[in-house]
Amino acid sequence: MHALVSSRRLALLFATAISVFATSAWACGGCFSPPGPNLVVQDAERILFVRDAAGKTTVTVEVRYSGPADNFAWVLPLPKLPKVGVGTTYVFDRLDQATAPRFVTTRQFDTEGCDFGDSSASIGCSSAEMATGGANAFPGGAFSQDIDGKNGVVVLEKNQAGPYDYQIIQGNDGAGLLKWLNDNGFDTPSTALPILQSHAAKGDVFVAFKLASGADVAEIRPVVLEMQDADPCVPLRLTSIAAADELAVIVYTLGPGRAVPKNHLAVTPNPLRLRWDGGVENYVQVVAAAIDEAAGRAFVPEFAGPASSVQVRETASNFGSDTTVLYGKTVTRADFLQVGEDVPTGAQFNDNGQRSVWQAGALFDKKHFSTAGLKDLKTAAALASWLEAGGFAVVAETAAMFEDATGLATANGRGADVLAFWVEVRAGAVDFDTLKNGNATFDPAKLAADLEVGIVEPIFVVADALADAKLTLSRLHMRISADEMDRDPIFAFNATLPDVNVEWGA
């Protein structure tokens, strides 16, 4: 289900920005893009909160955007200066595969005493494909010059993380913040003024993101923020200014118990409303109906259990479908074929080189995310050989890094199919004898550093938390409209509540 957000004066994407509550809350955030005719797709968000034993909260939020690169602009209000980094959608994909609702149907066929056996269709959440726009080069990327104190706004930090340029600002009133945002390419409507003022009054800071010079929308990736002593909160108030008709929010938490919404209800969909004859394709509608009965301010708990025992489940058959209907991807038999077989363009891949979204077992295998030996490589062909020998996992973000370092896919006519090309390289499906540009040199130290910071560290934070026997993984699902976004959902942890695993059969 997709909803397009547009207006005469701007195309405004609110990325359901994350927040956490400490003494004060990380509050609502959103994307402000300049005026123009472009439509922005905003139909779903995935957010992950990890709370470690030392009280540090690491928050990963997926940014989904479709439009020109120079229109991308994102603002996050926070109670204090955060550590800003980037992550990978692979984390969310694996969590989806392990915890999304699952429905299994079994049919018996019997004709004149002949039993044709049984067939089953397992329907679970597939690996998500991030919504992105075309390859529009971004010529600028710089913020307009701002002098500390102008409009009451002070620039506290200016830096870069992954494909983003960002500034952290603080202002003493909403009007000054509103003017600074508009002066710097964040076309912020006046309706945001009261919310900006509430943050200014509390002394909150704002992290303002744009794509760096030369970065393309295909490089957009999750943002990772770290703060100390914070409880999860998903801000929605500012999001309401230009939200989709029905925004889907998937919240994951890794904490000392099952996550419970404190200022929203927790509801259970009515299973009698599910239509099994169509593969339970109406699950989202049943979820929405349950939330609507709670005045639109509720979450559906879809999973909760010991983090250390969470694994991606085996599929019951060779057919599945994304039951949450968040990303418009259907899983078919082609997604389970091995490299080298006839697989349609666009199939996803797991980190063993299989064309599958369902690699069963542990969510994250650290051996697939090691840069050992990478710094010793000298040529693009050597990198390809290293990957084929079992080097680093190939997912969307790592494929982009390998391509940026070597240009191999482009040189071999696969520039429009970078992910598939590098997965095939890792799986040994590329003929090295015909590989063009293989002798080109690259900077292995830079590539290794980029992989460590942008992939290894954010994955290992989650992998280490999943290995903690004291932590619980929770998944909560919300579908909400703009007029219902009058409060920011806050979560607490309750270690005494029972586990949840939405898996029905018929």
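The model is predicted, so local features need pLDDT of at least 70 and side-chain atom pairs count only at pLDDT 80 or more, while totals for chains, interfaces and linings use all residues. Residues are numbered from 1 along each chain as its sequence is written, and side-chain values use heavy atoms, with hydrogens and water left out.

**Overall make-up**
- The secondary structure comes to 9 helices and 27 strands, taken as DSSP runs numbered from the N terminus (H or I, at least four residues, for helices; E, at least two, for strands).
- Among contacts (heavy atoms within 4.5 Å) with a separation of 6 or more, 77% join residues 24 or more positions apart.
- The accessible surface is about 19,600 Å², and carbon and sulfur atoms hold 51% of it; areas come from the Shrake-Rupley method with a 1.4 Å probe, and for residues only the protein chains shown count as cover.

**Nonpolar cores**
- A nonpolar core is a set of buried Ala, Val, Leu, Ile, Met, Phe, Trp, Tyr and Cys residues joined through side-chain atoms within 4.5 Å.
- The largest has 53 residues, of which F364, L383, F392, F402, W422 and L473 touch the most other members.
- Elements supplying at least two residues each to this core include β5 (44-51), α1 (89-99), α5 (380-388) and α8 (418-426), and α9 gives the most, with 10 residues.
- Another core, of 38 residues, lies apart from it and has I168, V217, L225 and L247 among its members.

**Around F402 and G407**
- Leaving aside neighbours within four places in sequence, F402 is in contact with L383, L387, F392, A393, V394, G407, W422, L447 and L451.
- G407 sits in the loop between α6 (396-406) and α7 (408-411), and it touches F402 and N437 when residues up to four places away are not counted.
- The C-alpha atoms of G407 and V418 are 9.6 Å apart, with the two residues 11 positions from each other along the chain.

**Helix α2**
- Within α2 (residues 174-183), the buried residues are G174, G176, L177, L178, W180 and L181.
- These buried residues pack against β7 (73-78), β11 (153-161), β12 (164-171), α3 (193-202) and β13 (205-211).
- D173 caps the N-terminal end of α2, with a side-chain oxygen 3.3 Å from the backbone nitrogen of A175.
- Just after α2, G185 takes a positive phi of about 90 degrees.

Note on methods: Buried means under 20% relative accessible area, exposed over 50%, partly exposed in between (1.4 Å probe, protein chains only). A polar contact is a pair of N or O atoms within 3.5 Å; within protein, one must be able to donate a hydrogen and the other to accept it, and residues adjacent in sequence count only if both atoms are side-chain atoms.
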